[in-house]
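Let's take a walk through a protein model together.

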Amino acid sequence: MSETGDIKETRRIPVGVLGATGMVGQKFVSFLENHPWFEITWLGASDRSAGKKYREATSWRLSGVMPRAVRDIVVTECIPGERAPSLLFSATDASVATEIERAFAAAGCTVVSNSRNHRMEDDVPLLVPEINPEHLKLLLQQKRNRGWTGQIATNPNCSTAVLVMALAPLKKFGMKRVIVTTMQAISGAGYPGVASMDINANVIPFIGGEEEKMERETQKILGDFTGSRVEPLAAKVSASCNRVPVVDGHLMSVSLEFETRISEADILAAWRGWRPLPQQKDLPSAPPCPVIYMQEPDRPQPRRDAERENGMAVFTGRLRRCPVLDFKFLALGHNTVRGAAGAAVLNAELMKSEGYI
Ligand code: NAP
């Protein structure tokens, strides 16, 4: 970082991706192509892929072609070693993420993880740069507690990521109760995900573990940092999660009760006027307007809106009075961008700009 606080390195920071061959790993590779600060120099996966060139080890499932710069990188096993860079994005399978991420953090690396494994640990930031940048201070405690020279920061589950962006600007009104029902895209289940015989022309009213994750992660993200720990948001959160035949974009219906009497105009003004830290700092992946309210009565829609703003904004719509709680509305976000790879890259950008990397 320069003396003025601007990041003006001419040489980009070398980064690696753990779990690079999987669905989220590919999204990292694609999202980081041409990133102004970070350059992929290292790709890790299982021993099934290690030793092969990335193009041979990976069945590319995203639109467009595999970025040229990574095609010939030889995939490495996810074991800390001299060739791994000190900044790693993690998209490893949850069954192995705990040990792999800890090993890299113990070896002095910064692991910016998309996996669920460490999210709810007390000394691990569950970070959304627009909402809780002060939770990064947990990293100092994490290093002390664990004796690590490296560190682990996480981003939320894909459905939580969308919900908290819509809720955060409204926290100042005092939230009492939140009820959310999701309509989640099939890409959120990885590849091959849900069988076509199950999801075609159907809705599956169950996603294992998702409702508990949404409820607890929301409270941690919107919680207050007390100087040594995060005090979870006291509001009750009730989630019902459904898988629907949509490729990308989680849509959700939200009902909210507040502690204070507020109007629809107050909510709209809070969303429209929200200019949190990443936008003030103009971080490369921060969308100019993090929450965009759509006036049309039939929007937002996953197919039409999820990809807009590079997949990093959350779209709200249909704000109206709720006869049971106070207000209800819809929220939509891109699950593999704002809910996965894009979220982690924005986390790393914040960590770099705040001096944690
Ligand atoms: P995936 O497609 O199954 O990819 C898993 C990755 O982990 C692959 O690169 C795989 O490498 C690697 N891996 C598996 N076993 C390994 C081992 N023993 N050692 C090292 N690497 C190993 O899964 P995904 O959908 O991308 O999800 C990755 C993580 O992100 C999971 O923790 C998931 O819960 C989380 N997540 C996913 C989404 C989503 O939208 N899909 C959203 C949020 C969070 P090989 O190819 O060599 O097997």
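This is a predicted model: local features need pLDDT of at least 70, side-chain atom pairs count only at pLDDT 80 or more; totals for chains, interfaces and linings use all residues.

Helix 1 covers residues 23–31 and helix 11 covers residues 341–353, and their axes come within 9 Å and cross at roughly 55 degrees. Why quote both an angle and a distance? Two packed helices are described by the angle between their axes and the distance between the axes. Angles of 65 to 115 degrees count as roughly perpendicular and those under 35 degrees as roughly parallel; helix 1 and helix 11 are therefore oblique to each other. Their crossing is right-handed.

Now look at the residues where these helices touch. Helix 1 brings Val 24, Lys 27, Phe 28 and Phe 31, which meet Ala 341, Gly 342, Ala 344 and Val 345 of helix 11. Sorted by class, this contact has six nonpolar residues, one polar residue and one charged residue.

Next, step back to the domains. The domain assignment gives domain 1 as 3–157 + 341–353, and domain 2 as 158–335. Notice that domain 1 is written as two stretches of the chain, and that 341–353 is one of them. Those are also the residues of helix 11.

How far apart do the C-alpha centres of domain 1 and domain 2 lie? They lie 24 Å apart. The contact takes 33 residues from domain 1 and 38 residues from domain 2. Between the two domains, an area of about 2800 Å² is buried, and carbon and sulfur atoms give 67% of it. Of the area that domain 1 buries against domain 2, Met 120, Glu 130 and Asn 157 supply 27%, more than any other three residues.

How values were computed. Residues are numbered from 1 along each chain as its sequence is written. Side-chain values use heavy atoms; hydrogens and water are left out. Axes are lines fitted to C-alpha atoms, for helices over the stretch in contact, and angles run from 0 to 180 degrees between N-to-C directions. Helices (H or I, at least four residues) and strands (E, at least two) are DSSP runs, numbered from the N terminus. Angles under 35 degrees count as roughly parallel, over 145 as roughly antiparallel, 65 to 115 as roughly perpendicular and the rest as oblique. A crossing is left-handed if the near helix is turned anticlockwise from the far one by less than a right angle, and right-handed if clockwise. Contact means heavy atoms within 4.5 Å. Ala, Val, Leu, Ile, Met, Phe, Trp, Tyr, Cys and Pro count as nonpolar, Asp, Glu, Lys and Arg as charged, and the others, Gly among them, as polar. Domain bounds come from an automatic or database domain assignment. Buried area is the accessible area (1.4 Å probe) that two parts lose on being put together, summed over both.
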